[in-house]
Amino acid sequence: MIELEGLTKRYGEKVAVDHLTFSVRPGIVTGFLGPNGAGKSTTMRMMLGLDRPTAGAVRIDGMRYDQLKDPLKYIGALLDAKAMHGGRSAYHHLLCLAQSNGIDRRRVHEVLDTVGLTSVAKKKAKGFSLGMGQRLGIAGALLGDPRILMFDEPVNGLDPEGIHWIRNLMKALAAEGRTVFVSSHLMSEMALTADHLVVIGQGRLLADTSMADFIARNSRSYVRIRTPQREQLLDALHGAGITVVEAGAEVLEVDGEKSEQIGELAARHQIVLHELSPQRASLEEAFMRLTAESVEYHAHDGRPLGGPEPRQAWGPDWRKA
Amino acid sequence: MSMAATQVVRSEWTKIRSVASTVWTLGLAVVVTLALGMLIAALSKNEYDTMDERDRLAFDPTFTSFAGMSLGQLAMIVFGVLVVANEYSSGMIRTSLAAVPRRGTFLFSKVAVATLLALVVSMVTSFAAFFLGQAMLGHLKASIGDAGVLRAVIGGGLYMTLITMFSMGVAAMLRSPMLSLGILMPFFFLISNILGSVDATEKVGRFLPDQAGSKIMQVVPPLDDDTPYGPWGGLGILALWVVAALLGGYLVLKRRDA
């Protein structure tokens with residue numbers, strides 16, 4: 001169990017983390033989602049006692065991080081794959097961590113085996129690929145057999161096989177009753193692994209909800225219509241009591257799954273349709289809409305992200321995988 | 001020592017023995033100190049015949065055999081800097097502090113382990129430099145039993161150890177190997193010598209860590225010596241520098257985000 005209470009980090013004038021209050025529960029994977037620069041890594045560093053909060057507090061099983069005796073036995077973290085000395089072998093990297101927390105040497109061999117690095121245990125970490133470094137970092141997180149695990153962007157830069165492995169590992173750890181907290185800037189990734197979602201933008205809490213709720217609330221289905229006879233269609237829809245939203249020139253949108261009804265209505269009134277397509281807003285898009293105002297670095301394509309137009313861009317693929 | 005500190009000391013020993021830089025920096029310190037010391041001892045012996053009476057009176061065979069330390073200490077400085085600052089340049093510091101959140105325990109365990117290793121290497125080097133240097137000096141040689149000689153030889157080992165500790169403190173303050181070496185190297189190799197050889201700054205210069213500390217290696221004082229401290233006083237001044245640097249390093253580590 002991790003509890004954050006009014007956690008705040010300011011760098012001079014700039015607020016990186018702004019009064020975050022939420023808790024991370026055991027037995028499930030909690031996704032920590034936010035655009036780049038939202039304050040996810042800063043929050044995680046404060047959770048580990050690496051950065052000092054300007055205000056607020058973090059409790060790990062009710063205690064401050066620096067009050068934990070042998071913290072690796074409570075909480076294991078992968079912050080970034082390069083947080084190790086490149087000149088040291090994988091074995092010695094893990095051994096020095098184990099010794100500092102009074103963890104048996106045997107455990108080093110066990111976690112090396114778990115992450116599949118036994119054959120390169122004596123090799124220096126600087127020769128490792130990103131994926132191998134990530135695995136070594138995860139081995140370090142698992143070392144103390146902790147009840148809480150924290151991963152910062154664990155799939156970044158991994159090949160598909162590595163991504164698959166990490167997803168399954170996180171689910172397995174949560175199934176064992178552990179607390180699993182994982183950050184990402186990709187909604188699609190979270191949709192596959194997380195049971196619960198904490199979304200932040202510009203350091204502020206935007207959502208703290210179960211994944212199922214988030215999907216139910218945000219994956220709205222609607223019908224997209226294009227017609228040259230806009231006025232006639234609007235009148236016809238109003239006449240049938242159907243609410244319409246105008247989403248740009250010539251484009252109308254109707255909530256719900258009413259494409260048959262609208263098609264028949266148009267036929268009855270002899271209105272020409274250029275498009276009548278059922279749509280489902282993706283989670284990625286819902287996430288972007290949620291964080292749109294808080295995105296710090298916009299790509300300048302003349303339109304803010306999450307605006308009404310690019311609905312189709314992300315597709316509903318997240319459900320299939 | 002508490003349980004936790006014992007664990008951290010053991011961990012730091014694993015860290016220090018599992019990187020190649022430990023071997024080559026310490027190895028280089030030994031080789032350079034001994035080789036340069038022997039060379040200068042041999043040259044001094046040849047030069048002795050051409051010296052005038054005053055210089056012969058001031059000739060210090062013990063101190064002469066330690067001449068290689070001026071260069072050898074630079075390798076010890078690199079050792080001290082790398083032990084501490086590599087945590088920062090590699091990113092290991094975040095992993096280390098997540099494992100050992102008590103920052104004082106972390107820093108002082110690391111410094112203790114590195115200091116103990118530096119002390120062993122420095123003592124061996126100092127004794128070896130003395131005996132090898134005296135062997136080169138032939139009939140000019142001093143004996144380990146002569147007045148003040150054993151103090152100077154042990155002092156030589158302590159001097160190198162304290163210089164290593166000083167550089168660990170500086171590295172903990174600056175948190176970067178390049179920055180630390182960029183300041184310490186010219187400081188010990190150039191600035192200290194320049195300050196010491198100009199009349200106007202000489203009085204300031206002799207309170208610098210290396211000039212004050214190296215006083216303990218002298219058996220025969222130089223001509224017109226008006227240094228306001230003795231051998232142990234000089235080592236004490238160096239020790240104060242060490243305390244200040246380590247305290248500064250501790251405060252920086254304690255206060256700043258990792």
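Two strands count as paired if DSSP finds at least two bridges between them. Helices (H or I, at least four residues) and strands (E, at least two) are DSSP runs, numbered from the N terminus. This is a predicted model, where local features need pLDDT of at least 70, side-chain atom pairs count only at pLDDT 80 or more, and totals for chains, interfaces and linings use all residues. Residues are numbered from 1 along each chain as its sequence is written, chains are lettered from A and ligands numbered from 1 in the order in which they are written, and side-chain values use heavy atoms, with hydrogens and water left out.

**View 1. Strands E10 and E12 of chain A, side by side.** Here E10 (residues 221-226) and E12 (residues 251-255) of chain A run antiparallel, joined by five bridges. Look for A:Arg224, which sits opposite A:Glu253 of E12(A).

**View 2. The open sheet of chain A and its helices.** The sheet has four strands in the order E11-E12-E10-E13 (chain A), with antiparallel pairing. Strands E11 (245-246) and E13 (275-280) of chain A each have a single partner strand, so one side of each has no neighbour in the sheet. Helix H8 (residues 230-239) of chain A lies across E10, E11 and E12 of chain A, at about 15 degrees to E12(A). Helix H9 (residues 259-268) of chain A packs on the sheet too, touching E10, E12 and E13 of chain A, and its direction makes about 165 degrees with that of E13(A).

**View 3. Strand E1 of chain A and its partners.** E1 (residues 2-11) pairs with E4 (residues 55-60) of chain A in the antiparallel sense, over five bridges. Seven bridges tie E1(A) to E2 (residues 14-24) of chain A, also antiparallel. Find A:Glu3: it stands opposite A:Arg59 in E4(A) and opposite A:Ser23 in E2(A). The hairpin of E1(A) and E2(A) has two residues between its strands, and A:Gly12 there takes a positive phi near 65 degrees.

**View 4. Two helices of chain B packed together.** H8 (residues 149-174) and H9 (residues 177-197) of chain B pack at about 140 degrees, with axes 9 Å apart. The contact (heavy atoms within 4.5 Å) includes B:Ile163 and B:Phe166 of H8(B), along with B:Leu179 and B:Phe188 of H9(B). Its residues divide into nine nonpolar, two polar and no charged. Ala, Val, Leu, Ile, Met, Phe, Trp, Tyr, Cys and Pro count as nonpolar, Asp, Glu, Lys and Arg as charged, and the others, Gly among them, as polar. Angles here run from 0 to 180 degrees between N-to-C directions, with axes fitted to C-alpha atoms, for helices over the stretch in contact.
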